[in-house]
Amino acid sequence: MRRGGGRDTPLELFLKKLGLPPMQVVAEAQRVARQLGLRVAISRQHFGRIRLGKQRATEEKILLIVATLRSMTGLAVRATDLFLLEPALGGISMSALMGRAEPFRGGTRRVSIFSLPRRFGSWGQFVDDERPSASETLEALYREHAAILRANARRRFNIIEPDDIEGLLNDVFMSYLERQPQAEDVRAFLLGAMNNACKHYLRKRKNEAPLLPEHEHTPDSSTEEEIERWTLFLSLGATLARLGTKCRETLRRYYLHDENPDSIATKLDTTIGYIFQLLSTCRRRAREIYRDLTEPRR
Amino acid sequence: MRHYSEEELADYAFDPRRHAEKGDIESHLAGCPECRDRLAFIERIDGALREPVPWEISDDIRSETPPPSEVLRNRARIIDDEAAGARALLSPLIGSALRFRNARVEEDARFHTTGAVAALYRAAHELTERQPQFALVVVNAAVSIATKLAASKSLRSNLHLGRAYLERGRTLFHIGRYKDAEQSLDRAESIYDQEPEATGWDVAWVWLIRANICVESERVVQGRVLAMAAARQFRIFGDVVRYLNARLLLASALFMEGDYRASAEAAEEIIRLARPRRNLLLLGRALQNCAEAYLLTRAFDKALPLYLEAYAIWDELGLDLERIRTNWSLATLDVETGKLHDGIKRLDETYRALEALGITNDAALARMQLGETLLRAGQPETVPDLLRNVVVSFVSEGMMRNARIALAYLHEAINQNRLSADLVRHVRTYIEQLPFQPASTFLPLQ
């Protein structure tokens, strides 16, 4: 930990950035200590010395301060955000790499003090449980992703029986709810799980009954190229489903049915100029929706 | 250079042969990777619109919207009820290791639910960095209860048993018990192998932790292969943060193998992906690692902006130690590019800052590097005093003895007035490598 010097300690910096008065922190710390049944307490003077880097804090006090600031701000702040905890020794090249190699310090939580406040778990400040309830998750995710998962089973794996598809869908959502994986791209996660379930289904079916001709051509989903291709198709399918009827029809005629703009204009009883304008606008709209569906949400 | 807008590129892609500015656009595209990328995206979408599959998928999506089945809703309710029950039971225990141990949760039937198992291994996950020993007690309880429930067929899914073993492996890795960690990971992998619900994402977690163990225990090639495999799975499953961490580990493994160019390339990709996500910590690490790799390939012009950005990030995050280390790297870069005056200034700041934080060995290394640079700059006056005060500290008695021998050699050279930049570098390199080659004995400079 810092032992003096002119610069602000990380704790002081944090308090300043969030405009938290130290006296209020001390008062909240007393409340948190009582709530958690901790015997540790921090006086105003002691907190002042810790804050300014003039005195080291014990592990218990560090945890109490972390818990207090979590409670006050709702941010998943960690001890390492507020205190300079000494790392292991090492030369610069190795320490620069080894310390950064391991996966557990790389999540967003360490830097969460500058991100938006998140829902704060109610069961003790030392344990985060920011997962929404399984029931809420189910309703939201099912509404958003079930249709594309069904389409994936039907189109990519040629599974035709609706009951079988529903069974696979249930399995995928159940194991998702059990895991609650906090993946950034939930759709990709569910699709990965659906692919897995479909492969198991087909393998099992192969042992039970002879495959139908359409099952013989199940795509080899293990190659990078196949993965890219199906990711594009599924995302574009979801994009087209969100386009308005006029755009869908114009794009379908031009691209899928290979009709020329003249012919489309005649069939839709409009001008060729309007069809060109529609094609340009609808392609742009499709790209916008596609990006919205596939790029990370910030 | 003026870039073409997406609309202009889309017009060109619609009918390249008849576009009025065909020649201009094509000559611009030849020299502009950014516009080429944007055009490729437009062409990819236009091309896929000609395929029947996306249209079939869109028709499927538009035609079906049944709600979740009652079976699914019931399962969600059970998960929520058990999670609430586990929270109520664990809340008073998880803040104190003593209280948790005294509660003997493994023997208490109230904790014998799948929800309690999940709550325990999630709590251990959160505790690992701050209180790894306590985390181990908590995760051991998760493993024990999950094993009992699985034996009596009352565990809802064996994914939880696999996850409990996985978290145990992760905690043991943090404590440094690599062999035990690998055994626990073996169990997790074996459970996942037999569980139809387990996916590449579950197994990728095992690989990622195993890769870390390999890299830490100098099985770098194996670590690199595992990190690559884990990264691929995380990418497929859209788990970008874990993907980037696996790629960062891969970049580190490549660096340790001496393939600095490939290491820099991997780090560049992480930088590109971490930037729009505003994942500052990961971005800072990737910038720093990438710059280290460029420094060693002597691509100094590429290293400098990366170090400067990393420095700004540590400053923004208030991570003083990281900021000091990046300043140290900048000093090395200054020295390597002949800016000795600037390098001396930064090295002086570095050793003083490290000493103020009590980071003894790194402060000693920075002092020696400063001494070496002052000698190279023809400013030997302050060097003897600077180097007389070099202090190192190792827990291992053997390493401490070896370090003392190296420092005695340095002091002897000071007293005999035969200090040279090469001699100081020789001692510095030895001390720097000692933690990684603890048994190596010090040999005087030939």
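Modeller: One term before we start: contact means that heavy atoms lie within 4.5 Å. Also keep in mind that this is a predicted model.

Biologist: Okay! With that in hand, what do the buried residues of H5(B) pack against?

Modeller: Partners from both chains. From chain A there are H7 and helix H8 (162–179), and from chain B there are helix H6 (97–103) and helix H7 (114–127).

Biologist: And which residues of H5(B) are the buried ones?

Modeller: Leu72(B), Arg75(B), Ala76(B), Ile79(B), Asp80(B), Ala86(B), Leu89(B) and Leu90(B).

Biologist: How do you know that the length of helix H5 of chain B agrees with what a helix should span?

Modeller: Do the sum at 1.5 Å a residue: the 21 residues, 70–90, should span 30 Å. The end C-alpha atoms are 30 Å apart, so the two agree.

Biologist: Which residues of H4(B) are buried, and what do they pack against?

Modeller: The buried ones are Val53(B), Pro54(B), Trp55(B), Ile57(B), Ser58(B), Asp60(B) and Ile61(B). They pack against helix H7 (134–157), helix H10 (224–242) and helix H11 (245–256) of chain A, along with helix H3 (33–49) of chain B.

Biologist: What makes Glu56(B) and Arg155(A) a salt bridge?

Modeller: The cut-off is 4 Å between the side-chain nitrogen and the carboxyl oxygen. Here N to O is 3.6 Å, and the pair passes. Between chain A and chain B the count is 16 salt bridges. On the side of chain A that touches chain B, H10(A) gives the most, with twelve residues.

Biologist: How many residues are in contact across the two chains, and how much area is buried?

Modeller: 113 residues of chain A are in contact with 120 residues of chain B. Together the chains bury about 11100 Å², with 59% of it on carbon and sulfur atoms.

Biologist: Why is the pair Cys247(A) and Cys282(A) called a disulfide?

Modeller: The sulfur atoms must be within 2.5 Å, and in this pair they are 2.1 Å apart. The pair links distant parts of the chain, with Cys247(A) in helix H11 and Cys282(A) in helix H13 (residues 272–294) of chain A, 35 residues apart.

Biologist: Is that disulfide left-handed or right-handed, and how do you know?

Modeller: The torsion about the S-S bond is about -80°, so the disulfide is left-handed.

Biologist: Why is Cys247(A) called buried when its relative accessibility is 15%?

Modeller: Buried means under 20%, and 15% falls below that cut-off, so Cys247(A) counts as buried. Cys282(A), at 0%, counts as buried too.

Biologist: Last one: how many helices and strands does chain A have?

Modeller: There are 13 helices and zero strands. Buried residues make up 55% of its 298 residues.

Notes. Residues numbered from 1 in each chain as written. Chains lettered and ligands numbered in written order. Predicted model: local features only at pLDDT ≥ 70, side-chain atom pairs only at ≥ 80, totals over all residues. Heavy atoms only, no water. Buried < 20%, exposed > 50% of the residue type's maximum accessible area, 1.4 Å probe, protein only. Helix = DSSP H or I, 4+ residues; strand = E, 2+ residues; numbered from the N terminus. Buried area = accessible area lost by both parts, 1.4 Å probe. Expected span 1.5 Å × (residues − 1).
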